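Here is a quick tour of a sheet, the helices on it and a pair of rings. Have the structure open as you read.

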Amino acid sequence: MIIVTAASGQLGRLVIEQLLKRVPASQIVAAVRDVSKVADLAAQGVQVRQADYTDPASLDRALIGASKVLLISSNDLGQRVAQHRNVIDAAARAKVGLLAYTSVLHADTSTLGLAAEHRETEAAILASGLPYTLLRNGWYVENYTGSLGPAIAHGALAGAAGEGRIAAAARADYAEAAAIVLASSAAPQAIYELAGDLSFSLAELAAEVSRQTGKQIPYANMPKQAYLDLLLSVGLPPALAELVADSDAQAASGALDDKGGVLGQLLGRPTMTLEQAVRAALV
């Protein structure tokens, strides 16, 4: 039994979509906080179980019969380590054969502010004694393409990444990689450093948006604090705004770049290109 936590989320749904291509639906469990959100998965034969990262008893029930578990990282910034530990402890009690976790690229050395919670979670997984796989996901290209509307409307793409290069990949690429690992009959690697095949700068992203829209959309590079102030002014919650501003600032020094090509190798195909990502976002 393969159990995917946070299965109603954007990544979780894509992972299950890919798993359905590889294993029978009856062998897949969607563990979600609100089961009403995954009625469509249940209709496809996927088992649905209620599970809340803050409720250990629900996690014990959700992980009954689990052979493999994918722990998709919580988006509750500042609370993630405690929530992840609840899942790890439940997986240990269930004696699962593999615990996979969606971490962050180069978590052990990353300067990203968000990496600290991932490092603590990785340490807890190692301490559990469970067989594990760390899916260290790089940046999602949707982190940028998802907000192209305002950039186009205002005639500029703002950021604080300077000329830093970003080896982003599509969320669907990372989801497929997770499904490949979970569905494999062979023992997976302990750590996968996953990122897009080709990196880009935000100036190159702006140029591609300009090319495809026929509008001049320059990249407006800003100091971190100014970018943070901008994010707050448009309504981003403070913790999220700080994360986004910090990530951009760290990207300026290469924190979001990678040249390993591991994701494409695992997929057996190239990752989504910048041109494809922008085109998909503009549809």
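## The sheet

Two strands count as paired if DSSP finds at least two bridges between them. Helices (H or I, at least four residues) and strands (E, at least two) are DSSP runs, numbered from the N terminus. This is a predicted model, where local features need pLDDT of at least 70, side-chain atom pairs count only at pLDDT 80 or more, and totals for chains, interfaces and linings use all residues. Residues are numbered from 1 along each chain as its sequence is written, and side-chain values use heavy atoms, leaving out hydrogens and water.

Strand β1 (residues 2–5) runs parallel to strand β4 (residues 68–71), with three bridges joining them. Isoleucine 2 has lysine 68 as its bridge partner in β4. Zoom out and you get seven strands in an open sheet with parallel pairing, ordered β3-β2-β1-β4-β5-β6-β8. At the edges stand β3 (47–50) and β8 (191–194), each with a single partner strand, so one side of each has no neighbour in the sheet.

## Helices on the sheet

Helix α5 (residues 115–128) packs on the sheet and touches β5 (98–104) and β6, contact being heavy atoms within 4.5 Å. The direction of α5 makes about 165 degrees with that of β5. Axes are lines fitted to C-alpha atoms, for helices over the stretch in contact, and angles run from 0 to 180 degrees between N-to-C directions. Helix α8 lies across β1, β4, β5, β6 and β8, at about 160 degrees to β4.

## The ring pair

A search of the whole structure turns up one aromatic pair. The ring centres of tyrosine 140 and tyrosine 174 are 5.1 Å apart and their planes sit at 40 degrees, so the pair is tilted. Rings of Phe, Tyr and Trp (its six-membered ring) pair if their centres lie within 6.5 Å; planes under 30 degrees apart count as stacked, over 60 as edge-to-face and the rest as tilted.
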